[in-house]
Protein chains: 2
Amino acid sequence: MPGSRPDLRVAAREIDLSPTETAGGPRPNPPLQVYDTGGPYTDPDAALDPARGITRVRAPWIAERAAGTTQMGHARAGVITPEMEYVALREGLEPAFVRDEIARGRAVIPANRHHPEAEPMAIGRHCKVKVNANIGNSPLSSGVPEELEKLVHAVRWGADTVMDLSTGEAIHETREWLLRNSPVPIGTVPIYQALEKAGEPEDLSWPLFRETLIEQAEQGVDYFTIHAGVRREHIPLARERLTGIVSRGGSIVAKWCQAHQAESFLYERFDEICEILAHYDITVSLGDGLRPGCVADASDAAQMGELRTLGELTERAWAHGVQVIIEGPGHVPMDQIEANMAAEREACHEAPFYTLGPIVTDIAPGYDHITSAIGAAQIGWHGTAMLCYVTPKEHLGLPNADDVRTGIVTYKAAAHAADVARGHPGARARDDALSRARYEFRWQDHFNLALDPERARAYHDETLPREAHKEA
Amino acid sequence: MPGSRPDLRVAAREIDLSPTETAGGPRPNPPLQVYDTGGPYTDPDAALDPARGITRVRAPWIAERAAGTTQMGHARAGVITPEMEYVALREGLEPAFVRDEIARGRAVIPANRHHPEAEPMAIGRHCKVKVNANIGNSPLSSGVPEELEKLVHAVRWGADTVMDLSTGEAIHETREWLLRNSPVPIGTVPIYQALEKAGEPEDLSWPLFRETLIEQAEQGVDYFTIHAGVRREHIPLARERLTGIVSRGGSIVAKWCQAHQAESFLYERFDEICEILAHYDITVSLGDGLRPGCVADASDAAQMGELRTLGELTERAWAHGVQVIIEGPGHVPMDQIEANMAAEREACHEAPFYTLGPIVTDIAPGYDHITSAIGAAQIGWHGTAMLCYVTPKEHLGLPNADDVRTGIVTYKAAAHAADVARGHPGARARDDALSRARYEFRWQDHFNLALDPERARAYHDETLPREAHKEA
């Protein structure tokens, strides 16, 4: 889709459809255009060379702007940036509406000025619900080529953003390869790398954390998870829990606070952090270090106490022009989901909510992509802007390529169901096209319109392999 | 669990737990008792011989009663039958409460007097949410041993009832083997067999249907799906739809009505049908022949018109003392789910709702066990009493054994999430026991408490195979 300037062309994917057979002869069906996250990886004509990186689509736009200006700052000044226009075209929204949503903090465009390869996308309650996929090596596992393969795999299946949670060797180098080859925003949890440097949680310090932030910011990370909402007063509230503190970041911060008998430097230095983020236009994802780890602990005082602090930090970040998203649970029974969304909305002034699931029952390890998709679809319908995927290996082990695919497609379905339930403009077009194809036994269209055409085709062929069965 | 008479012993399963390691030494964890549907198939001491059938647990109770009396009739007369007591013990409810729910039609115990092998279970909005699994051969597929294996597989994974939807050869014989070996109620759609006899829908007749009903009733089928709510005036309403009539039973009835320009014999002869059902105490499952086949068609005039007729038929069945459940959609976007539940509740006087999913988006064939579990969990929370499972092969092909397992476990998770959200007494005990085991790294307990211990264990061992990793 062309935009207002020649260097603004929005990626989308067209699905060709075969004609409907009618008594009066074939009646053509127009192709269906769908939102696509794959960048060059879903473009059959793209030349790819990981060592060179992918096209720097945003380079000319960034060059026109001073460092230290953010999408939020431009929006407040009334400017529609090329990124906003790109997002508007991609979402089917008015550019001025996108600008206004960003100005008031209800949507974000996570786009570091050092990551020109990213195709602009927005996270916000009036945008399509987005899906994040986590990748990253661990001391036990994979290297750079494997992580790059996971990234490509993730965006082809539809991940809107990817978080690199690497903790093993070569964190810096892995991230560099990912950023130079990623058409979607990349998020990280900088305290993980800072801890690799420090060794023990109590040895973390503001200078070390600051150095890590800048290192990652320079590389081009688009959003940082920062657990600045874990305050000393909240930590004892987690002691009564069935499963205590389960967030890795949250438990690092809690250990530091207890060792030093002080508020964390993440909270104390939050304004300085925001100055760094504003310089690069990095979005802050305020981590929920005290998220519940089981349904019994959902919506408790620790979680809600931290949420109020996140609301306070949201206002502080916005004062710096820094874009904000809020991370949310985790594990929540269905009857508490709508209230969790409402609590975030109120405490955090409508900053976009970004939830992990939530899982609605704890009794199905091996199926937690499903128990969490049940919660994710619901909270997405009620207004959550981005859903962090969960794979079938959650709580059990590390996902392989097929688990990543299953997790992403499951979450794309949940996010889309939320768009349909919200009545998002045009959301149902793909459902209706697929249902019509199904009703008319146009099997190839049925497969091609599916979120996972390969799996749909394989399942069909398993019992009804002959071509004839695809005609009738 | 022993009941009030020596021949009343309720099946349950106990999960042994290992102790928690504490500074003061190991602290024992009591075993957890869970609802179990497996009958002799989950009893390590049971001697099994399919040719002889399983234990006829209900035989002495049935022998004490006259034919033509139903659980509903007894309940209305103030009698607590052994079946009601069994259900009360199984569910953790008061026997008098179960009796009262059955008397007013808000719960059913599907238990044909010719199926003494079935362990009593109840379907109702104040009972645990139940799961049905469909099996059955087709002209293309399996024989008796395969269907028997599917039945055993289904109840071991937790199916509360099983519907035999066979359409191929040896329907009668297959059903006989299933009934004599099934510890759970068996449902069928008698018009499928009647159609096998008739050849074409328009050649169906009341005598043929009646003969088929009696044939199946004599064998011991516990509930019949009957599409008596498809009336002539509703059929034109389905013409405006994207996907018309997708229910197989509904389309058979609609074809018959159009060929004969008359109301169906299912509707016209409904009182005679009820007389037969009352004789055996068979529950009627009023089929939704006009259920929507895609989200675009959800909650339309055809669906709602039929639902009102189902309400009228409910009252007619109750007048005969016949127990009733109501079948529901199918495909419903999330924002219409609660309203669908409310509409059923009002139109059908709180007769238990039994839904197929519903699927909340049409774009994920290959993942429809998930898109439907999202809807199923929600509608279960809002009061649906039984969920008909959907497998990953839905819309694409016939499920194999692993698809059946995935479908059942997915639905057990959805049903349990609904119980937790409803605040059903004791529902969260298993979640909490598993979460505690997870937090304390008691891996074997973690696996054993899972709905699918084998899959949880296999996923864990895939990346962390060493025993050491199960200790820490």
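## About the model

This is a predicted model, where local features need pLDDT of at least 70, side-chain atom pairs count only at pLDDT 80 or more, and totals for chains, interfaces and linings use all residues. Residues are numbered from 1 along each chain as its sequence is written, chains are lettered from A and ligands numbered from 1 in the order written, and side-chain values use heavy atoms, with hydrogens and water left out.

## Where the chains meet

Chain A brings 70 residues to the contact and chain B brings 70 residues; contact means heavy atoms within 4.5 Å. Together the chains bury about 5700 Å², 69% of it on carbon and sulfur atoms. Buried area is the accessible area (1.4 Å probe) that two parts lose on being put together, summed over both. Of the area that chain A buries against chain B, 14% comes from A:I363, A:Y367 and A:L396, more than from any other three residues.

The interface holds 2 salt bridges, a salt bridge being a side-chain nitrogen of Lys or Arg within 4 Å of a carboxyl oxygen of Asp or Glu. The side chains of A:K393 and B:E462 form a salt bridge at 2.6 Å, N to O.

## A helix in chain B

Helices here are DSSP runs (H or I, at least four residues), and strands are too (E, at least two), numbered from the N terminus. Among the buried residues of α5(B) are B:L148, B:L151 and B:W157, where buried means under 20% relative accessible area, exposed over 50% and partly exposed in between (1.4 Å probe, protein chains only). Their cover includes β7, α6 and α15 of chain B. Just after α5(B), B:G158 has a positive phi of about 120 degrees.
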